[in-house]
Amino acid sequence: MHDNRALVEHRLKRVLEERITPAVYPESVPLTASIWVAPGEPVPVAEGLAAPREPIAVGAKWGAPWGTSWLTVEGTVPAEWAGKTVEAIIDLGFDKNMPGFQCEGLVYRPDGSPVKGLNPRNQWVPVAAPAVGGEEVLLHVEAASNPVILDYHPFLPTLLGEKETAGDTPQYQLERLDLAVFDETVWNLVADLEVLGELMAELPEDSARRYEIVRAVERALDAIDLQNVNATAAAARECLVEALAKPAVPSAHKISAVGHAHIDSAWLWPLRETVRKVARTTANMTALLADEPDFLYTMSQAAQYDFVKTHRPEVYEKVKRAVADGRFVPAGGMWVESDTNMPGSEAMARQFVHGKRFFLEEFGLENDEAWLPDTFGFAGGLPQIIKAAGSKWLLTQKISWSQINKFPHHTFLWEGIDGTRIFTHFPPIDTYNCSMKGSEIAHAARNFKDKGRASVSLAPTGWGDGGGGTTREMIAKAKRMKDLEGSAKVEWEKPADFFAKAEAEYQNPPVWVGELYLELHRATLTSQAGTKQGNRRSEALLRSAELWAATAAVRAGAEYPYEALDRIWKTVLLHQFHDILPGSSIAWVHREAERTYNELGHELVELIGDSQQQIYETAGLGAAGDGVVTFNSRPHEHRGVPAGGAGVMAALDGQVEVADRPGGGHVLDNGLVRVEIDDRGLIVSLVDVEQGRETLPPGAAANLLQIHPDFPNMWDAWDVDEFYRNTVTDLTELDSMVVEEQPALGAVMVTVTRSFGASQVRQQVRLAEDGKKVSISTRVDWHETEKFLKLAFPLDIRADRYASETQFGHIFRPTHTNTSWEAAKFEACNHGFLHFEEPGWGVALVSGSTYGHDVTRTVRRDGGTTVTARVSLLRAPRFPDPETDQGVHSFEHAIVPGASIGDAVREGRAINTKGGSAFRGGGAVEPLFTVDNDAVVASAVKLADDRGGDVVLRVYEAHGGRASALITPRFDFSGFEICDLLERPISREGVGVTAEGAGLRLSLRPFQLVTLRFTRSTGSSEA
């Protein structure tokens, strides 16, 4: 037989696109329309419904960037349509390739009840089934004219990302406003042909099944009268029945589909627009659930539920009913789908605390899974946090985006830095926006790396990023692939049911140890420095605010600010979303974030001040002396003042000597370290005097600013490509250098200023008399474009690996590039410190405001090894924010020669502590807890969230070894519990704890996290 397969396949494509699909709506009549343009930001629904309208017609331009227009469409169902299914078709000017990335709408009835959302892949609105002739139709549409930021030529700089620069030119043109008859038979024929045609294309060319489908499709196409598709669609469908009825082979891969709309809480749109995106999507999904009994939908991010609850209560009521029915499934148990590299220990924990608590309080549900499909890599401390929150599973697919190495598993155990293992699944479909295309389903089955040991995978199904969700077309295709020869088996299933099935099937999955590093989007550790610094400062202030509020409640009977702290935490957590904190959103988002952080900072400083004032007055510190009483917010003792206590700091008894350096520059020496700064203002020698050890390699300079061209191949704000290193300029030209003695601070400071390009920098190098730490403050007035600014510290140390602080501990990374996996980590994340060590000696580089860094090594001609650590300060990408990082920025770093890992932890926490204040007086205030081992660090001291008055202490082992610590509460307590992150009692299994004296002794494994809840004795001061 002659092979006409290609002819049939091409015929199918044309007939489907040009004849059959248009026949889904065989009859239509126009709707009349009128419009009201809201003058500013979006208005309440009632106001939009009541506003006066002006006529508008199809073809008219509408919608300034970020505007809101309220459309009213009206019409009458023709008498001859009686008994038929009638829908309204509303095309606001859609591009079908951009669901979620352009204009959208939410349809309301005249009474204000929501109907469904509109987007490029969802333009229909139900009117009547069956219709009544003469029936009047009246619908209102809240239409959002969100501009297209990521266009067909992507990553071009645009002013559309800021409302003030976007202009007022209409962005869209009304394309279609019709009432139309919906022909369900033709619609089903489209689904039949799409499923078979897409399956056919994925089968081997010599497959008998492929030819069976070819012949069936050919018969169906022959059965269609192209001039009367609607009359012949049923006959065409009959020709396909046998091909669609053949069951899948028993060994076919099984796909658990779940409805999904990954909605970025902000990205190419501001937070306020996300509120409406969520409302539009959830309105669509609750309507779809009502129509499709087998369908299940899942949505993560408790903050987004809260958006709808607060701003669109009429939609939220539908969501609550669908959740109660078990078909709208809250997932993830986090406040937002956050970044997981940069949030600090407590912030990462609170993502789960606030997310899980919201779902428990609103729905009575608790998640066992963490749901992070689009996060840019996963820190090694996350498994322990997931477990401590009471969860046990993780889903993501983002690692499939890695550019260099293919991850070897799809289902596996992920082991964190403390040994906690989490059952993890990467959907092999390689998307969180599955649309049920045959190519996607076939890719999932082929791509699945655990064949022979496992047979199931998950497919989040629906339009996402900008929302939209699952469509009825996707559901129709999934129904046909439930049991279809040649295809994987597709079934709608809840995430929890999938994970339970997958875990039961795969008894001994492989193990991946350490961080899940994404070999892409590395520059998100640096872009938008203002956002990142706002986050770091807010985290530090929140820790201090809780500490001193709890202390004031216990010591002074003060009222604990539950509501304020809850609100502030949720705001900070919201801004840790994986396109806000990483710096990859439009200008509007980041300008707003910086304003928000400033407001939160002022409020937190006030809360801290109020608490400390109450403690100060209650303790009578003002009358106890004429010294300076310092409140120590650090988790370690500082100059005689205990962690979490207040008192007069011990006097300094050293001094810093300063001398001119031969050849120019200055020498600073406090007897512990000696620093030489040359005539270029660079550190050229850093000697650990105690050890007689030079920190820097021969001829090298530290505190060296270096600038690189930075124009990645794509994803400007997200990516830095390795070739940026090929070109570098050392900034050594000096404008000025001034040395200043600071006797009140017991320090000497050298101030260096430089100019480069259109920018200026001022650095202050400070050596105090009481330690080995050399502090470096860098202030940059930055006006470069597509440049990358680094601060380099070459070290004379033989270190094959280094420690980098992460949540509740640190992770080790190699300094070498033996394999492609190591070479790919050319930019990585740290929190408070980097630590380099060879036996007997080490050095720490601590950071108060940056995350990104790189580490390289080389062997010198003299046989020594140079390891160079460079912190990433600033970038200047032009997309999506063309003004990224322009302006003034300040950074705090320090280098500590001779530092142990304990010194690195201590200095890293110190530089990241805010909220320590000083008052005139004397005496002391005991901390709420004392911990007798510096390796055991308190990450939180607070009152319990349930407002029962209990005191909560969270500690972790920070040095990476076994640790025993005596925890002594300095208040009367009647008992204690080991708790999860939500402060609920849990088993003490795995926690070494015994009563000892007036406290308890904890024995911790490396990096082990423990939450303790203490019940105060009757008669103690209550909040």
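**Entry 1**

The model is predicted, so I noted the terms: local features need pLDDT of at least 70, side-chain atom pairs count only at pLDDT 80 or more, and totals for chains, interfaces and linings use all residues. Residues are numbered from 1 along each chain as its sequence is written, and side-chain values use heavy atoms, with hydrogens and water left out.

Two strands pair if DSSP finds at least two bridges between them.

β48 (residues 951–957) and strand β53 (residues 1009–1016) run antiparallel, joined by six bridges. I then checked strand β47 (residues 936–943), which pairs with β48 in the antiparallel sense over seven bridges. There, K942 stands opposite V952 of β48.

Is β48 mostly covered or mostly open? Seven of its seven residues are buried, where buried means under 20% relative accessible area, exposed over 50%, and partly exposed in between (1.4 Å probe, protein chains only).

**Entry 2: an open sheet**

Next I traced an open sheet of six strands, in the order β31-β30-β36-β43-β42-β39, with antiparallel pairing. β31 (729–730) and β39 (828–829) each have a single partner strand, so one side of each is left without a neighbour in the sheet. For β39, I found antiparallel pairing with strand β42 (residues 852–859) over two bridges. A828 stands opposite H853 in β42.

**Entry 3: S527**

I looked up S527 in the loop between β22 (511–513) and α15 (529–556). Its relative accessible area is 0%, so I count S527 as buried. What does its side chain meet in a polar contact? The side chain of R875 joins that of S527 at 2.7 Å. A polar contact here is a pair of N or O atoms within 3.5 Å; within protein, one must be able to donate a hydrogen and the other to accept it, and residues adjacent in sequence count only if both atoms are side-chain atoms.

Leaving aside neighbours within four places in sequence, S527 is in contact (heavy atoms within 4.5 Å) with K532, P582, G583, A717, R875, P877 and D885.

**Entry 4: helix α3**

Last, I checked the N-terminal end of α3 and found D183 capping it, with a side-chain oxygen 3.0 Å from the backbone nitrogen of T185.

Technical notes
Helix = DSSP H or I, 4+ residues; strand = E, 2+ residues; numbered from the N terminus.
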